[in-house]
Amino acid sequence: LPTSKIERMEEDENFWPASAPSQGPDGVCGPCSEIYYHPQNGKAVEIWNLVFTQFNRVGDPPDNLRALPSKNIDTGMGLERTAATLQGVPTNYHIDNLFPLVLAAADVCGVKYELDSDNGRRLRRITDHVRACTFAIHENVYPGPNKEKYVIKRLLRRAVLDGHQMGLREPFLHQLVANVADAMGGPYPELKETVERVAGVIKTEEANFFGTIDGGLDRIERVFDQMRSENRALVDGAAAAELYQTFGVPPELFESLAAEHNLTFDWDGYRRAMEAHGEASGKAQHTVMGGTGPLDALKKAVKSTTFLGYETTEARATVKGIIAGQAPDDHLCDQMDEVGHADPIRVVLDQTPFYGESGGQVGDSGKLVGEGFEFEVSDTQKDGELIVHFGHLRSGVMHEGAHVEAQVDVERRDAIRRAHSATHILHYALQKNLGKHAQQQGSKVDADWLRFDFTNQASIEADQMTLIEHDISERVASDEPIQWKTLPLAEARQQGAMMLFGEKYPDPVRMVSMGEFSRELCGGTHLTATGQVGAFDIVSEEAVSAGTRRIVALTGKRALENEQRTRETLAQAASALGVAPLSVPGAVEQLAQAVRERKKALSGGGKVSPAAETKPTTGAAAAVADYAAVKQALAESGRLLNVAPFDILERIERLQAEVADLDQQLQARAAAGDVSVDSLIEAAEMVGNTRVIVADVPAANPNLMRQWIDQIRRKTGPAAILLATAAGDDKVVLVAGLSRELVDQGLSAGNWVRDVAKLVGGSGGGKPDLAQAGGKQPDQIPAALAEAKAIFSRLAAGS
């Protein structure tokens, strides 16, 4: 960079923490290099920051910065800001995967998107908030009165207010959930699986707020009017608290509206008023008025559902409630006779063996069989103390009070139990091999499938993963008993049950023990012995955020199927390469090298050496008994080829085809005879004092042709060069270049190559010193080159 683009600033900007040398705090610190992008018409945007953590601050200056024994550079890049910079767009919201969301929001809201308008800013905020809320709700963080749930409520209500200010009076945000899932579906395909649920949650929250927003906004305007009449600039915190309690207007939203009127917000007064309200009513701060839907009515009437699923998968039960429809139009029914209805029905029983989704474990499926009817349960969820069965009536008439046989899908439950018990074994193995810091940060358990997030700064090395898988296999093979019991929290802690930081546990708790190696607090369903896990196969390990890694693994039938697919894929690759299965990584590396060498030979010009043999001869494909070695070989091959492991065969076949094509090009080059810079110069004709070189260079490529032109211009001058080659039966490539002396005289390689291209049925152009064109008539190359010298002469005369 030129020094004009580098600006030194003082410690308040170019140091981390800001002003640390003089003002502190003590501890690790260092200078930072901030990288800004200055668009031609706009405000500079910081896109990157490099912190050189090289000092330990000790006390006040002078001489208070001590060199660290181990220094490093901490880099923090604004990913979307950088994308905006690279794509040349004015804001983060105009990058290729966000701008379609902005336009979708404009379409849903029925307004035209304009960058600098108020509506433009509202649409960008809607885009940001609906994306954040879609992800959060997908991960079961629903809008609510406290902590992270309150953040989601705030974001949704801010976005609803933006829509209201654009004239909308009905829920609209939920329509954008599918757009978010489409936009982010590449890295997060699981979003598409929960679009309906997420949209339903958002629609309900929207409907609740739209029901009160007009009254709330009217009250806010009255507050603002009164403040103006009294010449006050500070919003009364008590008034804001009343608005939240009565109309559900979050104080942050009130503060945002106040800022639009150049007014400030009394946060201390708001908190005092909320605390007083909490003391008077016995409710926690930010508690929203209770719901009045059909499920809330059932909660009051039924209180709770007794869960029997730890002991049995089939039980007699009584229907206590049937809910049809979707919020906000859902309602309780005395009976249900519509078979094959589109929307799922919700059924609440007095007791059930069905597990309601919680603790990362998915809900059970199965059926409820009553006298004259059958109800298929597709999912089971928990709502407070109720267990809610989602599904469809398949036959007959179901009514409140009916007696049913609740039958869990045992095969699926067993598969879920295998995966859930395997997560505990995995947790044990991770902590044994990585350290006690490798604690669970989240999990999801489905039929013979598990996803497990845990704390670890770095990826797991191959040898560590081998040890982890060995320890898991050892615990499965030992067939140790799995037991569970309910006991006081203090006793569970005394017995060594794992307690996760930040978790709030009930008292008493349910402790699940596996032999003597694992004790965890868990409400899920489990096997009775570790040996029942059967096969266990880790299929991926990756980062999900800073300091958090994710393992995806399979158990039981799915693990066996994955092993078979892994072996078959490696065997097919070995057959295609003519090597033994464990030699595939070496063979694909040689294959990739063969492609690179041939490309280099084609680009370098000159005489080409005979092609090397690309297939290693280490033996024919053979079965390999050690699955760990097979899996490692497949993973390494995928890494070398930069594809997913199961895609290596397709990639190998493409590379082999590419080698064959490159060999043909090399053979064509050899058949065309030697072409060199010197031979081209020797064939030059003089036009005045200029060497004019016009030549057909068979089997050349544009990169090589440009190299030749550069070398000719360095070796002789003034020179005008135009080279042509046929690329297949219907394509011509032309490249022209002029020496600096000719460009200074006003001649242009772009004009020259453009006029010649017309003679081969094409067009093109470029810079005065170097230009490229194409055509469609290779058979016209000789005639075009014959005319090229005359065209140059006319151009030279015209200059």
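Visitor: How many bridges join strand β8 (residues 314-324) to β11, and which way do the two run?
Guide: There are 4 bridges between β8 and β11, and the strands run antiparallel. Strands are DSSP runs of E, at least two residues long, and helices are runs of H or I, at least four, numbered from the N terminus. This is a predicted model, in which local features need pLDDT of at least 70, side-chain atom pairs count only at pLDDT 80 or more, and totals for chains, interfaces and linings use all residues. Residues are numbered from 1 along each chain as its sequence is written, and side-chain values use heavy atoms, with hydrogens and water left out.

Visitor: Is β11 buried or exposed?
Guide: Buried: 5 of the 5 residues of β11 (residues 345-349) are, so the strand is largely enclosed by the rest of the structure. Buried means under 20% relative accessible area, exposed over 50%, and partly exposed in between (1.4 Å probe, protein chains only).

Visitor: Which residues of β11 point which way?
Guide: I345, V347 and L349 point one way, R346 and V348 the other, and all are buried. In a regular strand, side chains alternate between the two faces of the sheet.

Visitor: New topic. Where is G515?
Guide: G515 is in the loop between β21 (509-514) and β22 (518-521). G515 has a relative accessible area of 17%, so it counts as buried. Leaving aside neighbours within four places in sequence, G515 is in contact (heavy atoms within 4.5 Å) with E480 and P481.

Visitor: How far is G515 from K504?
Guide: The two are 11 residues apart in sequence and 26 Å apart in space, C-alpha to C-alpha.

Visitor: What sheet do β21 and β22 belong to?
Guide: An open sheet of 3 strands, in the order β20-β21-β22, with antiparallel pairing (at least two DSSP bridges between two strands). β20 (482-487) and β22 stand at the edges with a single partner strand each, so one side of each has no neighbour in the sheet. Between β21 and β22 there are 4 bridges, and M514 has S518 in β22 as its bridge partner.

Visitor: Which helix lies across that sheet?
Guide: Helix α12 (residues 410-434) lies across β20, β21 and β22, at about 70 degrees to β21. Axes are lines fitted to C-alpha atoms, for helices over the stretch in contact, and angles run from 0 to 180 degrees between N-to-C directions.

Visitor: And the sheet with 6 strands, what order?
Guide: That open sheet runs β25-β26-β27-β28-β30-β29, with mixed pairing. β25 (685-687) and β29 (763-766) are at its edges. Strand β28 (residues 732-738) and strand β30 (residues 770-775) run antiparallel, joined by 6 bridges, and V732 has G775 in β30 as its bridge partner. Helix α23 packs on this sheet, touching β25, β26 (690-696), β27 (719-726) and β28, and its direction makes about 165 degrees with that of β26.

Visitor: How do α22 and α23 cross?
Guide: The axes of α22 (residues 749-757) and α23 (residues 781-798) come within 10 Å and cross at roughly 140 degrees. That makes α22 oblique to α23. Under 35 degrees is roughly parallel, over 145 roughly antiparallel, 65 to 115 roughly perpendicular, and the rest oblique.

Visitor: Which residues meet there?
Guide: From α22, N751, W752, D755 and V756; from α23, A784, A788, I791, F792 and L795.
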